[in-house]
Amino acid sequence: MDVFDTFLNLEVLARTWPLLLTGLWVTLQLGAASIVAGLVLGLALSMVRLYGPGPVRALARVYIDVFRSIPLLVLLIVIYYALPFVGLSLSPFASAMSALTMVSGAYSAEIFRAGIEAIPKGQFEASAALGLSHRQTMTDVILPQAIRIVIPPLTNNSINVVKDTALASVVAMPDLLKQATQAQALAANPTPLIGAALIYIAVLWPLVALVSRMERRFGGAGAR
């Protein structure tokens, strides 16, 4: 009973539940914004890397390799704590979203590239034979097929983005983890942290199951 009261005290959980829900809303907002921005950036980077001029392709590849290599926490701290020294101060939300978007965009770019390159070259040749322009070939023929291939890994990458939002607590972002940490300190009880963990599981478990189902259906693979 002592262990139960310590780690899952229902009275403490009820008292801190509004704080956890407030943090969850911030986490969902940050995750959704970063996912959408990362997908847009990733698609643009993949197009540039595949079909841009030589120097631009090289720059895109460098960007992708660098931001897939740098730890997200390091990037987040640099953006929030280092950029003010050169006169660029961002809010906690903007800093977290920027870091998540840059890293997510790099991973998404590789996913999109792999999906496009998985399309048989005959599709390109058939489109050219029909007189379609490059833009028409991409939008009407290639991308619709590539999207089917990349849906499972992109969904998996999106789950990782939502999980990585927890790192935003280091820049005073009032996300779910930050609110749980503050509630734990106020209540002198770890129950809010356990509550936050349960909320993450409740939100992400269905998505993880969905990814597994899509991987079985489409034969996809995880992103990270």
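Let's start with the positive surface patch, which is formed by Arg148, Arg213, Arg216 and Arg217. A patch here takes residues with over 30% relative accessible area and no salt bridge, with like charges joined within 9 Å. A salt bridge would be a side-chain nitrogen of Lys or Arg within 4 Å of a carboxyl oxygen of Asp or Glu.

A word on the source: this is a predicted model, where local features need pLDDT of at least 70 and side-chain atom pairs count only at pLDDT 80 or more, while totals for chains, interfaces and linings use all residues. Residues are numbered from 1 along each chain as its sequence is written, and side-chain values use heavy atoms, leaving out hydrogens and water.

So which helix gives the largest share of the positive patch? That is helix α9, residues 191-218, with three residues. Arginine 216 sits in helix α9, and is exposed, at a relative accessible area of 65% (exposed means over 50%, buried under 20%, with a 1.4 Å probe and protein chains only).

Now the whole chain, friends. It has nine helices and zero strands, a helix being a DSSP run of H or I with at least four residues, and a strand a run of E with at least two. The C-alpha atoms fill a box of roughly 75 × 50 × 25 Å along the principal axes. Of the 224 residues, 39% count as buried.

Finally, contacts, meaning heavy atoms within 4.5 Å: among those between residues at least 6 apart in sequence, 76% join residues at least 24 apart.

Definitions and conventions
Patches are made of residues with over 30% relative accessible area and no salt bridge: like charges are joined within 9 Å, nonpolar side chains (Val, Leu, Ile, Met, Phe, Trp, Tyr) within 5 Å. Accessible areas come from the Shrake-Rupley method with a 1.4 Å probe; for residues, only the protein chains shown count as cover. Lys and Arg count as positive and Asp and Glu as negative; His and the chain ends are not counted. The place of a charge is taken as NZ of Lys, CZ of Arg, CG of Asp or CD of Glu.
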